[in-house]
Amino acid sequence: METTKKEFRNYDKLDVDAAVRLHYKKMRERQTFDYVRQMKKKYLTYDKPMNLWDAMEKLDALIDVSDPDLDLPNVQHLVQSAEAIRKDNRPDWMQLVGLIHDLGKVMYLWGCDEDGTSQAEQWGLVGDVFVVGCALPDTCVYPEFNALNKDMQDPRYNTPLGIYKPGCGIDNLTLAWGHDEYLYQVLSNHKGNSIPQAGMVMIRYHSFYPWHSGGSYTELLDENDRKYKEWVKDFNQYDLYTKSNTIYDLEDIKDYYLPIAEKYLGKGPVYW
């Protein structure tokens, strides 16, 4: 039976594992402004060379604990997304974005439980992100956990604007730490990167659901963010509604996607 769109991202389903709820509890509690600042300093070192396809293969060992829709290795979700984009004859750069948009999850290779960046503790690696440094909106998944964040007792951070200026734009906001921001920064640092701006925006903000789907943070947005939202919502349909139990062999798709990856990222390693 075909899955309807309403069945995706349903966190109220009775069969949603308790691990998903616990994941978001930890994420909301521990992802503070200071934590994110520390993670950027720790992980944005760009000193770990690894080829793109090797990174893809590493995600064959990771299952995203925050995802209520899929319990396959994360690499399968990436290929499913890319293949759906390819089927719709979208541009090759967008197909590449579908293939790599979650590759920041390779952070688990050098992550640790304490940071929430390991296979066992993923609260600093995966999940819907939110802005740190201002009040948490009720459009977050499980908003009842918002009050657990110690920043919400700090007058610097617990107002709608927090540390930010009205209309500053989302590029000037600090989001919860995770694979989106990590991959975006890694690719921004990569000299061979020629992925168009729309693709980079899709990578950076695809998990920022309180903004692109919840309608929050309106007082912080600028005119440019309207265009950003169109791009992310366009990509979002392939990120969400392509999840299935279809299994792909990476070797079977390598001949098609590797030349596209080399076109936009070059043939050398990416420095993580």
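Residues are called buried under 20% relative accessible area, exposed over 50% and partly exposed in between (1.4 Å probe, protein chains only). The model is predicted: local features need pLDDT of at least 70 and side-chain atom pairs count only at pLDDT 80 or more, whereas totals for chains, interfaces and linings use all residues. Residues are numbered from 1 along each chain as its sequence is written, and side-chain values use heavy atoms, with hydrogens and water left out.

**View 1. Glutamate 144 and arginine 21 form a salt bridge.** The closest N and O atoms of this pair are 3.0 Å apart; a salt bridge requires a side-chain nitrogen of Lys or Arg within 4 Å of a carboxyl oxygen of Asp or Glu. Because glutamate 144 lies in the loop between E2 and E3 and arginine 21 in helix H1 (residues 18–30), the pair ties together parts that are 123 residues apart in sequence. Helices (H or I, at least four residues) and strands (E, at least two) are DSSP runs, numbered from the N terminus. Both partners are partly exposed: glutamate 144 has a relative accessible area of 43%, and arginine 21 one of 37%. By the salt-bridge rule, the count comes to 14.

**View 2. Aspartate 92 and lysine 263 meet in a salt bridge.** The N to O distance between their side chains is 2.8 Å. This pair links distant parts of the chain, with aspartate 92 in helix H5 and lysine 263 in helix H10, 171 residues apart. Aspartate 92 counts as partly exposed at 22% relative accessibility, while lysine 263, at 53%, is exposed.

**View 3. Arginine 204 and glutamate 181 meet in a salt bridge.** Their N to O distance is 2.9 Å. Arginine 204 lies in helix H7 and glutamate 181 in helix H6, so the pair ties together parts that are 23 residues apart in sequence. Arginine 204 is buried, with a relative accessible area of 10%, and glutamate 181 is buried at 6%. Salt bridges with shared partners join Asp171, Glu181 and Arg204 into one network.

**View 4. Helix H6 (residues 179–189) is largely enclosed by the rest of the structure, because nine of its eleven residues are buried.** Among the buried residues are His179, Asp180, Tyr182 and Leu187. The buried residues of H6 pack against helices H2 (33–43), H5 (92–100), H7 (197–205) and H10, and against strand E4 (270–271); contact means heavy atoms within 4.5 Å.

**View 5. Aspartate 151 is buried, at 7% relative accessibility.** This residue lies in the loop between strand E2 (131–132) and strand E3 (174–175). Not counting residues up to four places away in sequence, aspartate 151 touches Thr32, Phe33, Tyr157 and Asn158. The C-alpha atoms of aspartate 151 and valine 132 are 8.2 Å apart, although 19 residues separate the two along the chain.

**View 6. Aspartate 225 is buried yet has no salt bridge.** The nearest side chain of opposite charge, lysine 227, is 9.1 Å away; Lys and Arg count as positive and Asp and Glu as negative, while His and the chain ends are not counted. Aspartate 225 is found in helix H9 (residues 224–240). Leaving aside neighbours within four places in sequence, aspartate 225 is in contact with Gly169, Ile170 and Trp211.
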